[in-house]
Amino acid sequence: MSGAFLIGVIIGAIVLNALHIVQFEAYYHDRIELQAKLLQYEEDIHNLSQYKSQHTVIKSIKLRIEEESNEAARPKLDAMTQSELLKQVREDLSILIGQSIYDIDSNAQFARKILDKKVYRNIFDQDYTIELKTVLLVDNTLQVWMSVRKYTPPPS
């Protein structure tokens, strides 16, 4: 009888611990997403306050990962990987902030050439390559749609 009670206590502790781990992991992923959003908002506020008197410059950048119709081509990205990838691309495109909106044509082509098939290495032990699909400027915000694929090195 006491053996059955002891086994029940152990199984109950295992289930409770598993539930706690799942809940903690969900909180951790939410925290990572919120930190990325907070960083983006702080950067946007800084840029908006810096360029508030200039009405013809790019003040912020919004990045979107495009959903592809071919699910096999696009890797499943978790929130942390997506956040880190967007952070690194945003750093690469930050040179466009403060640039004139009338020069967007040359700047967009320049950004496309720089980032075309660029490999972002070691993002949570994976390598990814991005491809810019659309670059659009609306209300002093540069919006960029891109596709993400896992990088496979060419055979040597």
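Analyst: Start with a pair of strands: β1 and β4 run parallel, joined by six bridges. Two strands count as paired if DSSP finds at least two bridges between them. Strands (E, at least two residues) and helices (H or I, at least four) are DSSP runs, numbered from the N terminus. One example is Ile 61, whose bridge partner in β4 is Leu 142. This is a predicted model: local features need pLDDT of at least 70, side-chain atom pairs count only at pLDDT 80 or more, and totals for chains, interfaces and linings use all residues. Residues are numbered from 1 along each chain as its sequence is written, and side-chain values use heavy atoms, leaving out hydrogens and water.

User: In what order do the strands of the open sheet lie?

Analyst: The order is β1-β4-β3-β2, four strands with mixed pairing. β1 (60-65) and β2 (118-120) are the edge strands; each has a single partner strand, so one side of each has no neighbour in the sheet.

User: Is Thr 141 buried or exposed?

Analyst: Buried means under 20% relative accessible area, exposed over 50%, and partly exposed in between (1.4 Å probe, protein chains only). Thr 141, in strand β4 (residues 141-150), has 14%, so Thr 141 is buried.

User: Which residues is Thr 141 in contact with, leaving aside neighbours within four places in sequence?

Analyst: Contact means heavy atoms within 4.5 Å. By that rule, Thr 141 is in contact with Ser 60, Lys 62 and Leu 136, sequence neighbours within four places being left aside.
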